[in-house]
Structure formats: C-alpha cells, structure tokens
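Hello,

Here is the structure for you to look through. Please open it next to this email.

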Amino acid sequence: MKVSLVSIVLAAASMTVASDVVSLTKDDFASFVAEHPLTLAEFFAPWCGHCKALAPEYEEAATTLKEKHKDIALAKIDCTAENELCNEQGIEGFPTLKVFRGLDLVSPYTGQRKADAIVSYMIKQSLPAVSSLDKDTLENFKTADDVVLVGYFSDNASNQTFTKVADTLRDSFLFGATSDEKLAAAEGVTAPSVVMYKSFDDNKLPFSGEFTVEDLVNFAKVEAMPLLGEVGPSTYTSYIESGIPLAYLFIDNTEDKEKFTEILLPLARKYRGVINIATIDAKMYGQHAENINLKQEWPAFAIQEISTNYKYAYDQTKDITKDGLTEFLGLFESGDLSPTIKSQPAPETQDGPVWIVTANTYNQIVLDEDKDVLIEFYATWCGHCKNLAPKYDELARIFWDDEELKNKVVIAKVDTPNNDIPDDIRGFPTIKLYPAGDKSNPIEYEGDRSVKSLADFVRDHGKYGIDGWAVAVKNAGETTLEPEEGTADHDEL
C-alpha cells in the first residue's frame, strides 16, 4: 500500500504532544484548584517572550513532579483567552506564577524559572514547614536538597523558635526536627541544637549562636552560600538576595582558577558572612564586568555592595596578588575604600519631554521630594525598551506640555548599564514611580505598556493623583483617543 507524503504530513499535524501541564479555563479553574492540595499556576500570554522561554522548563518540571509527587499539579491559563479569570486573579504582567493551596490560600511563586528550581520549590511547598523525623527518615532527609536544616529538641520552646524560622525561610530550605536523644547523640550534638547539612563545603555544620529567630535566620542565609562559589544564572539571584556584598573574580582559564582559588579560600573564610566571594566565567559572562565598572580584561576583581549598588573595582593596571586582595578587602570592610562611580555626562539642558537621568543627577531629579517621578530603567540594546520609547515619549508629552503638571510630575529614564544608580534592576525595561514626599517607597510598574495604563499608574500611586489620560483626552478635543495594546515583556540581565 502506498502512503502519500500529504497523508503523512496531515497525520503528523493531527497528533498532539501529551502535556503534563494542565490547561485551565474559567469553567474548570476553581474546581481543579479545589481538588488539588497544591497547584502551581502560570498565567501567560502566547505572544510573551519570557512565557515562551519558560514553557519547556515548566513542562519538564510538571513531568518530574507527576512521576515523583503526584499531589503537586502544574497548570497554565492563557490570559488572552481567559481575560475575566486573569482579571479576577489580579494578573498585571506575564508570566505570573502563583501557588494555590485551595482557592483561599494563594501566594506568589518566588523561585527561579528553571525546571529543577521549580521542582525543588514546589516540593518545599508540599511539605510542612518542619518535617517530623525519626531514625528511619533522618538519613534520606539530610540529602533531600542541597541545604537542609535539622533541629534536635527536648523542649517545646526551642522547637517553636525553630518553627518560626522555618515559616520564614520555607521557600529556600527544607526543615526537619526530631526529639530522639539517641539521634542527637549519634550526630554529636545535645538538644537543643540545629545542624545544617549541605552537599558542598562542610557537609555538616552545627549552629553555635544564640537560639533566637534572628540568629538562626542569619545562620541559614550565610552558611547556605558556598564558601567560594561561582556566579551564574542559577546562583546570581541567591547572592543578590543574601544582601551581603558580592566580590567577583572574573577568570577565563583553568590555570588562573586553580591559582586564585588557593588565594581566595582563606579570605573567603575570614570574611564569611561579611563578603561573599565567588568566581565568574569571563568567557561566558564577561559582559557583566561592565555592569560593575570593569573593563573586559582578565583576570579582574570587583566588589558590588548589594544594599547601595555601589561598585568597587580593583585597579586593572595592577596585577591581582594575594597581598593586593588582602589589602583591598580590608579597606572595603573598614569603609576606607571609595566606590567607582560610572556616570554619563548630564545633558546641559532638558529639552524634554523625557528627563534624562545620569548617576550624577539621580538624586537631584528622582529624589526631588516635590515631584512624582516615573523613571524607566533601560538598556540601549533592549528590544522591548525600543518598542516602549514612542509610547513613553507620548506619556511624557502629556505632562511636559502643561506648565502646572510639569511642576508636579516628571517622566524620566536612565541608561542603566552606563550609570551607577542605587536600585537593584534585574531586567529591562523596569519602570518605577517615586512618589513626592515618599521617596523611600518606590512602586514598581507591572502592567501593560500602553500610554493610558502608565498614566493611570501615575494617577493611582502618585501624591497628586493627576489623571494624565483625562488631560490628554481633553486636549485632543473632538479626537477620540483609544488606549492602545501594550506588552509587559522584559529583557533580563
């Protein structure tokens, strides 16, 4: 029997690839979430670039969890088809991921968007804040994740303190506890004790501080970081979220890595909990050097102060030596090291309508207490920033052309990679509003990037409540302004 090429193509086209991610609609969303004890739901749009990038990772995670943890479900909702449902869930950007424990207990997913990270995060969510352990379960629990914490208790007060820590950090670590004194003795500790088990560095590390929530949380965050780690896509967020200054050593060959590892290990031990020290592959991520004020010349060393985003670059005209690094880190710790500030020249005049901000004018413009300031953090290479530019100019023109509004609202932008600014920006464009009189509490914009939506954001969150869109409609006279469609994609760092 002959089979035509057309029939083969048609047969292939009719086949659908089985998916372990469940597609939900408004008709079955509530019942599905109610029936499953734990659901991770992705709210997406088909045109969203980051949604497309997430899709294979999300699918892989769903398959892994289906095989090992059938009580954890992964679902997705197409917000272009299910607009009503997405509005009910308060979705303002894509992709948005939420964890559901039934319909009433909902929390944002705060993990990384990689398959193994999704699996690890959801397994943590499926367990109680503290798992009860015994002689049959302890050994397996100690290796259940890269970092786990086990409490050995004989009194309820210590156990309650440990539970508070677990409630605080359950998204990051696994926690277990036992009251079996024989197990504690076998581990070489006496109750009350907490031991961290790691798959790296010191595999077993007992806690030695005061038994308080604050000290235990600090112990977990500090000791969970590798003594001398490596910065990459899977670790960068952890380093930034630790809040501890991060020292980078850019290297591009194995010989240098071995040489500097020997030099840096003692320094990493000395500054444990004060400065995180890590290497970074200059061949893969060399462009990041420019973000911390280094030239792409290797090896190179710099410290990034996470809380202020200040950078401190080791002089690249000098060789990096043990004595040089020791002095450099010592000066940083004592506060005697001056930051390396990168700033573009400030424009002599603001020709409008979008104010151009540089590192040197940031405080003067953005932190002006008398004005609501909406600022776009962009990069010149960012495609989404280029798409936003004409709409952002149109938004700025609304306020620029009205003298009264101009004195109350500023629409600004800053070329982030070329200016050191005191904000932790993870992707481009990022848009934030700094309200007049409340500059310490900026509000990040997460909606679509239409002129109307941006104007409404300034109205709803600014001190003055100015309705820029209404002003634009009024000024247009008989011309009807239609709110155009926008997207919320980012180019990530």
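Below are notes on a helix pair and a sheet.

This is a predicted model, where local features need pLDDT of at least 70, side-chain atom pairs count only at pLDDT 80 or more, and totals for chains, interfaces and linings use all residues. Residues are numbered from 1 along each chain as its sequence is written, and side-chain values use heavy atoms, without hydrogens and water.

**The helix pair**

Helix α7 covers residues 156-169 and helix α9 covers residues 213-223. (Helices are DSSP runs of H or I, at least four residues; strands are runs of E, at least two; both are numbered from the N terminus.) The two helices pack at about 50°, with axes 9 Å apart. Axes are lines fitted to C-alpha atoms, for helices over the stretch in contact, and angles run from 0 to 180 degrees between N-to-C directions. α7 and α9 are therefore oblique to each other. (Under 35 degrees is roughly parallel, over 145 roughly antiparallel, 65 to 115 roughly perpendicular, and the rest oblique.)

Which residues of α7 meet α9? They are Thr161, Lys164, Val165 and Leu169. Their partners in α9 are Val213, Leu216, Val217, Ala220 and Lys221. Contact means heavy atoms within 4.5 Å.

**The sheet**

Five strands form an open, mixed sheet in the order β16-β18-β17-β20-β21. Strands pair if DSSP finds at least two bridges between them. β16 (355-357) and β21 (443-444) are the edge strands, each pairing on one side only. β16 and β18 (residues 409-415) run parallel, joined by three bridges. Valine 357 stands opposite valine 414 in β18.

Helix α18 (residues 451-461) lies across β17, β18, β20 and β21. Its angle to β20 is about 30°.

Best wishes
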